[in-house]
Amino acid sequence: MALCEKILIAGFSGAGKTSFLKEIEKTAPAGWERFDDLDELVLKNRGEGHKNLAGLIQEVGWEKFRLWERQELEGWLKESGKGVLALGGGALSLMVWELYKNSKKVQFCYLKADFEDCWERLTRVGEEARPMVMKGEDELRLIYNEREAIFSQIPWKITNFQNDNLKAQVRLFWENGILRS
């Protein structure tokens, strides 16, 4: 039986995927080598001259950004070695889900957070501007509900991730990630 080689962390913008990924990397079992954030990959590989995604998206638009996001995801999945990738909030399209949902080599983990928690994190004073905030709270709530239809199909869920029990959540993440194959 094929073993899990790639774990994709899905969740809405502001759910805590990047923070969770950083903690996962600190306790990775032997053989797990790559820990990437899809937004950072897009910015690094496609966003020359931009300090953040908000500026890049304002310049090129959401459609082009989503194309680049999908291309970076496809490239990352083809690379050899075991890795964990935090997806951008909108990277898990129905097409991507349908392609990989039954794969033994690719597993999805859904970092589930309530809309109100995501909105609070996205609009936190002193934080770098987040691209989704440009859409406004009402539109973002509609997008959240649309994406929930895909996210809710992921059987492996971590609900309302909080920093106060991070070590226990990361331990369970690794136990589940390795044993799900």
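Why does Phe115 count as buried? Its relative accessibility is 4%, so Phe115 falls in the buried class (under 20% relative accessible area; exposed is over 50%, partly exposed in between, with a 1.4 Å probe and protein chains only).

These views come from a predicted model, where local features need pLDDT of at least 70, side-chain atom pairs count only at pLDDT 80 or more, and totals for chains, interfaces and linings use all residues. Residues are numbered from 1 along each chain as its sequence is written, and side-chain values use heavy atoms, leaving out hydrogens and water.

View 1. A search of the whole structure finds 9 aromatic pairs (Phe, Tyr or six-membered Trp rings with centres within 6.5 Å; planes under 30 degrees apart are stacked, over 60 edge-to-face, the rest tilted). Phe12 belongs to the loop between β1 (6–10) and α1 (17–26), while Tyr144 is in helix α7 (residues 137–151), 132 residues apart. Helices (H or I, at least four residues) and strands (E, at least two) are DSSP runs, numbered from the N terminus.

**View 2. Phe115 also pairs edge-to-face with Tyr144.** Their centres are 5.6 Å apart and the planes 70 degrees apart. Ring pairs link Phe12, Phe115, Trp119 and Tyr144 into a cluster.

**View 3. Glu72 sits buried in helix α4 (residues 62–78).** Its relative accessibility is 12%. Leaving aside residues up to four places away in sequence, Glu72 touches Leu38, Leu41, Val42, Asn45 and Arg46 (contact: heavy atoms within 4.5 Å).
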